[in-house]
Amino acid sequence: MIILAPSLIMEQIYNLTKEELSESLKDLNLPKYRTNQIYDWLSSYASFSEMNNLPKELREELESRFSCTPIKIRNEFKSKDGTIKFLYELEDKNLIEGVLMQYKYGNTLCVSTQVGCRMGCSFCASGIDGLVRNLSAGEILGQVLCVNRHIGGNKENRKITNIVLMGSGEPLDNYDNVLKFIKLVSSADGINISQRNISLSTSGLADKIRKLTDENLGITLTISLHATTDESRKGSMKVANAYSLEELMDSIRYYYNKTHRRVVFEYIMLKENTTPSDALRLRALTRGIACHINLIPANPSPETKTKPITKEKETKFWQALKNEGLSATTRRTLGSDIEGACGQLKRRIIKEEF
Ligand code: SAH
Ligand code: SF4
């Protein structure tokens, strides 16, 4: 299979803000309402041929300038618990995954930010092949718009209420595209999902956390902590070689002191990181930061040797954190029967095309 370099592909219309779209169509001297019409259609993930209030010549012109299907749903897998895992095809034929979780209060879409991931955490399937490439802002936005349409939504009748940047990839390793995505998806010109309903999860790139703080966004910052000493963190997360826990916690303090937004820590419960001393160290590490600890039962995956601990041990660790006065809950695992749970998403290969 030939994988086209993204540069050989036509300009992706979903990378553009409304102002940028208007600028790039300047030579056509369109009346202003036309750009609004186009942008509205795009937010409903319509194809150019479906934009039936535009003159045919304009639709053809758009078709010749831009591509407008950054994401196609190639397959979907439904879990017993209602979670749906999507297999998406990108324009260069790479395949990525995403997960839709349906709750009483709304629908949360877990989006990917990279094809693969170069962080190589030992418990996670997303990093197995390393990083293949970054996703563009339009490809991340496309996941939201495509699934929104797929489940019967459009720009006015939004079906996706929450977004978590927790699919494959390290969002802060694709900083500019992720930042643009957050601005596009929360823009009043577009699908307008409030930043309060967006969570960004990072393995902890301390310098980028500081940079993100200075963007003054309203999103929730989630940190994949998973260990309470540098030594044990280095054992499972390569990123710990680049940033010590002290540097990481300093950057989070900088974020918290500036934004006063509660931080979420994710903590996969493994045999080696759930001792009574870990509970004490978690208390000390997070002192001075309003936070919540999301305890994650480890999800097994054929590619990683990750093993969950027993439910009794999970409860014991949770209790130890409560005794330390920490706010902690155990995350319900959704979609594990379809390999759609945390750490089970990965780049897929189109086998039949080889
Ligand atoms: N790269 C980012 C976001 C994607 S991973 C990050 O690491 O934060 C989303 C979450 O799933 C992270 O907290 C990650 O540590 C967790 N995760 C990875 N592998 C897992 C596994 N096998 N079981 C449970 N959670 C896992
Ligand atoms: Fe990448 Fe996050 Fe998986 Fe680590 S846990 S390999 S950073 S996607």
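## Loops with a positive phi

Helices and strands here are DSSP runs (H or I over at least four residues for helices, E over at least two for strands), numbered from the N terminus. Histidine 226 sits in the loop between β11 (220-224) and α7 (230-236). Its phi is positive, about 65°, although histidine 226 is not a glycine. Histidine 226 counts as buried because its relative accessibility is 6% (buried is under 20% relative accessible area, exposed over 50%, partly exposed in between, with a 1.4 Å probe and protein chains only).

Tyrosine 45 is another non-glycine with a positive phi, about 60°. The loop between α2 (32-43) and α3 (56-65) holds tyrosine 45, and at 9% relative accessibility this residue is buried too.

## How to read the model

This is a predicted model, where local features need pLDDT of at least 70 and side-chain atom pairs pLDDT 80 or more, while totals for chains, interfaces and linings use all residues. Residues are numbered from 1 along each chain as its sequence is written, chains are lettered from A and ligands numbered from 1 in written order, and side-chain values use heavy atoms, with hydrogens and water left out.

## Around ligand 1

Histidine 226 turns up again here: ligand 1 is surrounded by 21 residues, and the closest are Phe123, Ser201, Ser224, His226 and Asn299 (a residue is near if one of its heavy atoms lies within 4 Å). β10 (198-202), β12 (263-269) and β13 (291-297) each give this shell at least two residues.

Now for the atom pairs. A nitrogen atom of ligand 1 lies 2.9 Å from a backbone N or O atom of glycine 169, and the side chain of glutamate 170 has an N or O atom 3.5 Å from a ligand nitrogen. Glutamate 266 brings a side-chain N or O atom to 2.9 Å from an oxygen atom of ligand 1. On its own, ligand 1 has 530 Å² of accessible area, and the protein covers 96% of that (Shrake-Rupley method, 1.4 Å probe).

## Around ligand 2

Glycine 169 and Phe123 are also among the residues surrounding ligand 2, along with Cys117, Met119, Gly120, Cys121, Cys124, Ser126 and Ser203.

What is the volume of the second largest cavity? About 90 Å³ (on a 1 Å grid over the protein atoms alone, a cavity is a set of points where a 1.4 Å probe fits but cannot get out, and lining residues have an atom within 4 Å of a point; the volume is the space filled by probe spheres set on the points, which are joined across faces, edges and corners). α2 and α4 (137-150) are the elements giving two or more residues to its lining, and α2 gives the most, with three. Among the lining residues are Tyr39, Leu42, Leu141 and Leu145.

Note on methods. Polar contact = N/O pair within 3.5 Å; in protein donor to acceptor, adjacent residues only side chain to side chain. 1 Å grid on protein atoms, 1.4 Å probe; cavity = no way out; pocket = protein on both sides within 12 Å on 5 of 7 lines; lining within 4 Å.
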